[in-house]
Amino acid sequence: MFISDDHRYMARALQLAERGLYTTDPNPRVGCVLVRAGEIVGEGWHERAGGPHAEVQALRAAGERARGATAYVTLEPCSHHGRTPPCSDALIAAGVTRVIAGLQDPNPRVAGNGLAQLRAAGIDTQVGLLAAESAALNPGFVSRMRRGRPYVRCKLAMSLDGRTAMASGESKWITGEHARADVQRLRARSSAIVTGVGTALMDDPSLTVRLDNGAPGDVRQPLRVVLDTRLRLPVTAKLLAQPGRTLVLTAHAEPGARAALEGAGAEVLSLPAGTGGVDLAAALQALAARDINEVLLECGAVLAGGFLHAGLIDELMIYLAPTLLGDAARGLFHLPGLGRMAQKIALDIRDIRKVGDDWRITAGIRDKRQEARDKS
């Protein structure tokens with residue numbers, strides 16, 4: 001049974017965990033608070049992969065005051081040797097007497113083992129306090145561990161009449177500078193930015209993170225991923241000249257084009273073909289194998305519609321501009337075959353907020369099978 005103080009300290013641990021939003025990838029964002037006799041004696045968060053975990057940071061801050069303390073940690077302490085030693089061992093050695101974990105670690109290498117090790121050492125353990133909040137802070141890590149694929153967030157910008165570009169393809173800029181800065185923050189938290197070769201050819205984007213007017217080389221750059229069925233991406237594409245890595249996923253790897261792209265610094269991976277191009281589920285599985293947690297999909301209507309139709313989009317981030325582009329302009333999704341109201345795709349609006357002169361709509365995709373079960 002958790003009391004109000006438990007909630008307060010775990011909420012503080014979640015605040016600390018959020019500080020690693022842009023830096024911990026591919027590890028989860030984790031925070032830890034040590035409390036003894038009603039006083040916080042140590043705090044910490046996981047800052048970056050390969051660095052000390054949140055528990056170790058908090059124990060270092062507490063020193064000898066950790067003995068007899070309660071540890072509030074947003075994710076179950078690890079119990080295995082990775083790039084760092086097990087946090088469960090560190091908590092036991094420090095003399096902590098109670099551990100409250102927000103979420104059981106979905107990583108099969110841990111998955112309750114850390115808590116079991118603590119209990120075997122005589123430490124009182126509990127799990128499940130603000131578990132939903134911890135999972136919400138780590139949707140990609142949880143998705144990769146439980147579903148074998150990243151969490152997919154699709155970013156779109158549209159006019160009030162639902163258009164994303166003029167008929168010519170011109171789209172700069174539908175939204176204002178505040179919305180575009182918000183997109184940079186979405187990119188910064190993502191493990192990979194995925195686009196299609198059509199968008200790469202039309203817009204020649206850089207797909208880099210630029211935060212607070214800093215140069216792209218000043219921040220961690222997500223993996224840039226281009227779905228390019230027939231390897232049409234030119235070696236002069238801007239995204240190939242940017243800091244960080246570029247991965248090209250193809251279904252028909254012509255040797256000459258492949259060699260040219262690899263010579264320009266890209267990695268080229270051949271995958272099975274799906275309807276109209278690269279198999280999208282196979283693409284996500286390939287990214288999960290590269291420890292990709294969160295994918296930001298920035299693409300045109302055809303690829304966005306393909307992901308949506310395949311049920312592979314977890315969240316929509318739609319920036320709505322107070323403008324009208326007219327009937328001839330391009331739509332948000334290419335979704336052929338929807339002819340009846342029964343075929344409509346229902347959304348779950350999670351948040352609407354003003355960003356500069358624009359509005360940001362955050363939505364999930366409703367599960368028709370779950371809706372059918374709810375009605376039965």
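Q: In what kind of crossing does H3 pass H4, left-handed or right-handed?
A: H3 passes H4 in a right-handed crossing. A crossing is right-handed if the near helix is turned clockwise from the far one by less than a right angle, and left-handed if anticlockwise. Helices (H or I, at least four residues) and strands (E, at least two) are DSSP runs, numbered from the N terminus.

Q: What sort of model is this, and how are residues numbered?
A: This is a predicted model, in which local features need pLDDT of at least 70, side-chain atom pairs count only at pLDDT 80 or more, and totals for chains, interfaces and linings use all residues. Residues are numbered from 1 along each chain as its sequence is written, and side-chain values use heavy atoms, with hydrogens and water left out.

Q: At what angle do H3 and H4 pack?
A: Helix H3 (residues 87-94) packs against helix H4 (residues 113-120) at about 20°, and their axes are 9 Å apart. Axes are lines fitted to C-alpha atoms, for helices over the stretch in contact, and angles run from 0 to 180 degrees between N-to-C directions. H3 and H4 are therefore roughly parallel to each other (under 35 degrees; over 145 is roughly antiparallel, 65 to 115 roughly perpendicular and the rest oblique).

Q: Which residues make the contact?
A: H3 contributes Ser88, Asp89, Leu91 and Ile92, while H4 contributes Gly114, Gln117 and Leu118; contact means heavy atoms within 4.5 Å.

Q: What is the strand order in the open sheet of five strands?
A: The order is E2-E1-E3-E4-E5, with mixed pairing; two strands pair if DSSP finds at least two bridges between them. Strand E2 (39-45) and strand E5 (124-127) are the edges, each with a single partner strand, so one side of each has no neighbour in the sheet. From one strand to the next, the twist averages 15°.

Q: How many bridges join E4 to E5?
A: Four bridges link strand E4 (residues 98-103) to E5, and the two run parallel. Val99 has Thr125 in E5 as its bridge partner. H4 packs on this sheet, touching E4 and E5, and its direction makes about 155° with that of E5.

Q: And E17 with E18: how many residues lie between them in the hairpin?
A: Two residues lie between them, and Gly356 in the turn has a positive phi of about 65°. Eight bridges join these antiparallel strands, E17 (residues 347-355) and E18 (residues 358-365).
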